[in-house]
Amino acid sequence: MEFDFSAILLALTVLFGVVWGLDRLFLYRKRKARLDAEGSEYRDPAPVDWARSLFPVVLVVLVLRSFVAEPFRIPSGSMMPTLDVGDFILVNKFAYGLRLPAFNTKFLDLGEPKRGDVVVFRWPGYLCRDASDKLVRSGDGSCADPHAPVPSQNWIKRVIGLPGDTVEIQGANLLINGKPVQADEIGPYVGNPQRDEERLMLDMGATVWTEHLVRKDGKVVNHMIARMPAYTTPNSIPNAVVPSKVPAGCYLVMGDNRNNSTDSRWWGCLPEQALAGKAFMIWMSWKGWGTGGVDFHRIGQIIH
């Protein structure tokens, strides 16, 4: 079952605020006057007392999560080796503008994603063609049902292409605006065979590389990627549903685990309105009972 924690927080904030506010406006004075006349000690009714106590707490949590920083857990290996399964990260919620909680509608523009940023977003769904040959978003990866509901999920990937960029991908070769993106091999992937995602990479002979993404201002973002061509051959770009030119208001994103990431190569560009924020720090890393426990050396690492 999918649920939106931001929507739950918003609903609770409104509920507690309305209960407390209406009581203070219409019921509090009469109730207090009656109890004073009876000589009884004043106490709020239980629902009002709960609302009064919880409203400021829930409001503060809502504001912090919506406009400052929000925690997320990495559930899959699509961003390895940069982010491991079990990493808990913090996401800057104001890096790309302030958005209304639950609705995700931007009301204050504070910036735009840059090439190389690691972003969290609401997954937009697969690009499929319906019966009229129109491109639509679908939750069905096979596109057998182009109008299948898209589940509400938060995903994390790295920005590769900006609006207006021309991006071409063929196997491990990545070209941005006609220029090859350089990558230097570091060596074989080293991991814990007791953990599923790491064992897969070891079995498939994954190698680790340093990729050099050049931004518009000339700054180079150096970050690690993994390649394991023995595992799968990813989609090329352009393809039947993903053009090489990134449309306006969209971003092309990819996972750092290039052969084990479902990203823009499959479901097209990421609409700007789906952005949630910029990942910036690992605040906790849990490898699991008997497979590493807390990985202290990852705690506090800045995400590049």
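Colleague: Where is the kink in helix α1 centred?

Modeller: Helix α1, residues 5-38, has a kink of about 60 degrees centred on Leu 27, the bend at a residue being the angle between axes fitted to the seven residues ending there and the seven starting there. This is a predicted model, in which local features need pLDDT of at least 70, side-chain atom pairs count only at pLDDT 80 or more, and totals for chains, interfaces and linings use all residues. Residues are numbered from 1 along each chain as its sequence is written, and side-chain values use heavy atoms, with hydrogens and water left out.

Colleague: Which residues of α1 are buried?

Modeller: Ser 6, Leu 9, Thr 13, Phe 16, Asp 23, Arg 31 and Leu 35 are buried, meaning under 20% relative accessible area, where exposed is over 50% and partly exposed lies in between (1.4 Å probe, protein chains only).

Colleague: And what covers them?

Modeller: The cover includes α2 (46-67) and β1 (69-73).

Colleague: What follows α1?

Modeller: Gly 39 does, with a positive phi near 75 degrees.

Colleague: What about Leu 127, buried or exposed?

Modeller: Leu 127, in strand β6 (residues 126-129), is buried, with a relative accessible area of 16%.

Colleague: What does Leu 127 touch?

Modeller: Leaving aside residues up to four places away in sequence, Leu 127 touches Leu 135, Val 136, Arg 137, Cys 143, Val 241, Trp 267 and Gly 268, a contact being heavy atoms within 4.5 Å.

Terms used:
Helix = DSSP H or I, 4+ residues; strand = E, 2+ residues; numbered from the N terminus.
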